[in-house]
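Please look through the following report with the sequence and the model side by side.

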Amino acid sequence: MATFKPVIHKNILRQDGTTNIKIRVGHHRKVRYLPTEYYILPEEFDAAAGKVKAKYMTDQEAEVINLRLTGQIGQYARKLEYLGGKIRHGHKQPYEDPEG
């Protein structure tokens, strides 16, 4: 079963000091990082919880980002589950997004 968690790499910063929030995907002891559209300052991220915290942004802005990240993780999990079923059952059809 795959695991998903938002993470940042504090040592990879843009010139403005922000870093990309990535979705860490772990499966069968392999880890991959999927980039998101969100860039934040490293001190705005709670690594233990995998959540954006409001330091230089409003609580509402941080909550919106956290909800969108949760939604993105849900989409990745559904797609992986869908693909896993197709692979286990030997289907050779191209991937079709179950959400349309």
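## Contacts and overall layout

Two residues are in contact when they have heavy atoms within 4.5 Å of each other. Among the contacts in this protein between residues at least 6 apart in sequence, 32% join residues at least 24 apart. The structure is a predicted model, in which local features need pLDDT of at least 70 and side-chain atom pairs count only at pLDDT 80 or more, while totals for chains, interfaces and linings use all residues. Residues are numbered from 1 along each chain as its sequence is written, and side-chain values use heavy atoms, with hydrogens and water left out.

The protein has 1 helix and 5 strands, where helices (H or I, at least four residues) and strands (E, at least two) are DSSP runs numbered from the N terminus. Read along the sequence, these elements follow the pattern β-β-β-β-β-α. Of the 100 residues in the protein, 28% are buried; here buried means under 20% relative accessible area, exposed means over 50%, and partly exposed lies in between, with a 1.4 Å probe and protein chains only.

## Confidence

The predictor's confidence in each residue is given as pLDDT, on a scale from 0 to 100. The mean pLDDT of the protein is 84, and 84% of its residues reach 70 or more. Over residues 87-95, however, pLDDT stays under 50, and for this stretch the model has 5 contacts beyond four places in sequence.

Strands count as paired if DSSP finds at least two bridges between them. Strand β2 (residues 19-27) runs antiparallel to strand β3 (residues 30-40), and 8 bridges join them; one of the bridge partners is Ile40 in β3, which pairs with Thr19. In this hairpin, which has 2 residues between the strands, His28 takes a positive phi near 50 degrees.

The side chain of Thr36 reaches the backbone oxygen of Ile21 at 2.5 Å, and, leaving aside neighbours within four places in sequence, Thr36 is in contact with Asn20, Ile21, Lys22, Ile23, Leu69 and Gln72. Leu34, which also lies in β3, is partly exposed at 27% relative accessibility. Not counting residues up to four places away in sequence, Leu34 touches Ile21, Lys22, Ile23, Val25 and Tyr76, and the C-alpha atoms of Leu34 and Arg24, 10 residues apart along the chain, are separated by 6.5 Å.

## The nonpolar core

A nonpolar core is a set of buried Ala, Val, Leu, Ile, Met, Phe, Trp, Tyr and Cys residues joined through side-chain atoms within 4.5 Å. The largest one here has 13 residues, of which Ile21, Ile40, Val52, Met57, Ile65 and Leu69 touch the most other members. Strands β2 and β3 and helix α1 (59-88) each supply at least two residues of this core, and α1 gives the most, with 4 residues.

Val52 touches Ile21, Ile40, Glu44, Phe45, Met57, Ala62, Ile65, Asn66 and Leu69, again not counting residues up to four places away in sequence.

## A salt bridge

How many salt bridges does a search of the whole structure find? The search finds 1, a salt bridge being a side-chain nitrogen of Lys or Arg within 4 Å of a carboxyl oxygen of Asp or Glu. Arg14 forms a salt bridge with Asp16, and their closest N and O atoms are 3.4 Å apart. Arg14 is partly exposed, with a relative accessible area of 41%.

How values were computed. Polar contact = N/O pair within 3.5 Å; in protein donor to acceptor, adjacent residues only side chain to side chain.
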